[in-house]
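Please look at the model below and ask, for each label that is used, what value stands behind it.

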Amino acid sequence: MIKTSITLQELRRKIYVKAKADKSHCFWGLYVHVCKQSTLEEAYRMVKRNNGAPGIDGMTFDDIEQKGVEIFLQNIQQELINGSYHPARNRIKEIPKANGKIRKLGMPTIRDRVVQGAVKLIIEPVFESNFQEGSYGYRPKRTAHQAIERVAEAVVKAKTRIIDLDLRAYFDTVKHHILLDKVAKRIADDKIMRLLNQMLKAGGKEGVPQGGVISPLLSNIYLNEVDKMLEKANETTREGKYMHLEYARFADDAVILVDGHHK
């Protein structure tokens with residue numbers, strides 16, 4: 001589909017441009033790019049920047065680098081190419097929340113985080129072309145500060161009635177078959193879909209693990225229809241007698257601002 005000699009950055013740009021220009025295009029032949037050494041190297045750098053605790057195998061970055069990162073990535077590449085790769089179970093870590101409840105983090109091994117990162121690097125541009133303006137969570141070149149600025153601008157425009165939405169236990173309740181159906185609308189690559197299915201099952205029968213590298217992207221894909229609905233409401237109420245509104249979503253939290261002049 002795309003020449004393999006181009007850089008990863010250029011590849012991602014080309015995928016994004018094609019996906020943006022043709023919203024119905026279904027991409028195939030992406031798995032070969034996931035398996036490329038340059039993609040795995042960038043995924044490793046990305047995972048290491050995020051640091052994080054070891055997975056169920058106990059392997060740390062120091063362990064990997066003592067034995068050699070190149071050998072580590074070559075082993076992953078070989079498993080991906082010959083189809084023998086299978087992710088390990090996620091290590092469950094419980095984090096106390098401010099309200100006294102517990103948040104469960106599913107921590108993949110570093111090996112599995114690298115594979116997730118490689119898949120994310122290749123498929124992310126496809127779905128970035130679909131995402132809405134009001135979506136800010138875990139997206140390239142988008143930050144929580146930008147979401148706050150959007151809210152602040154709405155307040156200045158008299159949108160002072162605020163509705164705060166929190167999707168309870170969202171990450172834990174994502175239905176795998178619904179999510180994979182959404183992905184399959186843009187990705188026609190059986191090997192990519194098989195990898196995603198394996199990654200999801202490593203965390204249980206439903207939900208996406210909050211400690212997974214690819215989980216934020218999958219969550220945004222799952223919530224994109226909600227964003228579209230809110231964006232449409234934004235456009236519909238921009239003119240006329242209806243309540244004028246604005247919205248901003250960051251991960252599983254969203255804020256809707258309504259014109260305070262309307263009752």
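Contact here means heavy atoms within 4.5 Å. The model is predicted, so to speak of local features a pLDDT of at least 70 is needed, side-chain atom pairs count only at pLDDT 80 or more, and totals for chains, interfaces and linings use all residues. Residues are numbered from 1 along each chain as its sequence is written, and side-chain values use heavy atoms, with hydrogens and water left out.

Q: Leaving aside neighbours within four places in sequence, which residues is Glu 79 in contact with?
A: Glu 79, which lies in helix H5, is in contact with Ser 84, Tyr 85 and Arg 111 once those neighbours are set aside.

Q: Why is Glu 79 called partly exposed?
A: Buried means under 20% relative accessible area, exposed means over 50%, and partly exposed is what lies in between (with a 1.4 Å probe and protein chains only). Glu 79 has a relative accessibility of 24%, and therefore it counts as partly exposed.

Q: What makes Asp 63 partly exposed?
A: Asp 63 is found in helix H4, where helices are DSSP runs of H or I with at least four residues, numbered from the N terminus. Its relative accessibility is 30%, so Asp 63 counts as partly exposed.

Q: How do you know that Gln 198 is buried?
A: Gln 198 lies in helix H10, and because its relative accessible area is 14%, Gln 198 is buried. Apart from neighbours within four places in sequence, Gln 198 is in contact with Tyr 85, His 86 and Pro 87.

Q: How many aromatic pairs does the rule give?
A: Rings of Phe, Tyr and Trp (its six-membered ring) pair if their centres lie within 6.5 Å, and planes under 30 degrees apart count as stacked, over 60 as edge-to-face and the rest as tilted. By this rule the count comes to two aromatic pairs.
A: In one of them, Tyr 44 and Phe 61, the centres are 5.9 Å apart and the planes stand at 75°, an edge-to-face pair. This pair links distant parts of the chain, with Tyr 44 in helix H3 (residues 37-50) and Phe 61 in helix H4 (residues 61-67), 17 residues apart.

Q: Why are Tyr 44 and Phe 61 called buried?
A: Tyr 44 has a relative accessibility of 5%, so it counts as buried, and Phe 61 is buried because its relative accessible area is 8%.

Q: Why is the pair of Tyr 44 and Phe 72 called edge-to-face?
A: The ring centres of Tyr 44 and Phe 72 are 6.2 Å apart and the planes meet at 65°, so the pair is edge-to-face. Here too distant parts of the chain are linked, since Tyr 44 is in helix H3 and Phe 72 in helix H5 (residues 69-82), 28 residues apart. Tyr 44, Phe 61 and Phe 72 form one aromatic cluster.

Definitions and conventions: Helices (H or I, at least four residues) and strands (E, at least two) are DSSP runs, numbered from the N terminus.
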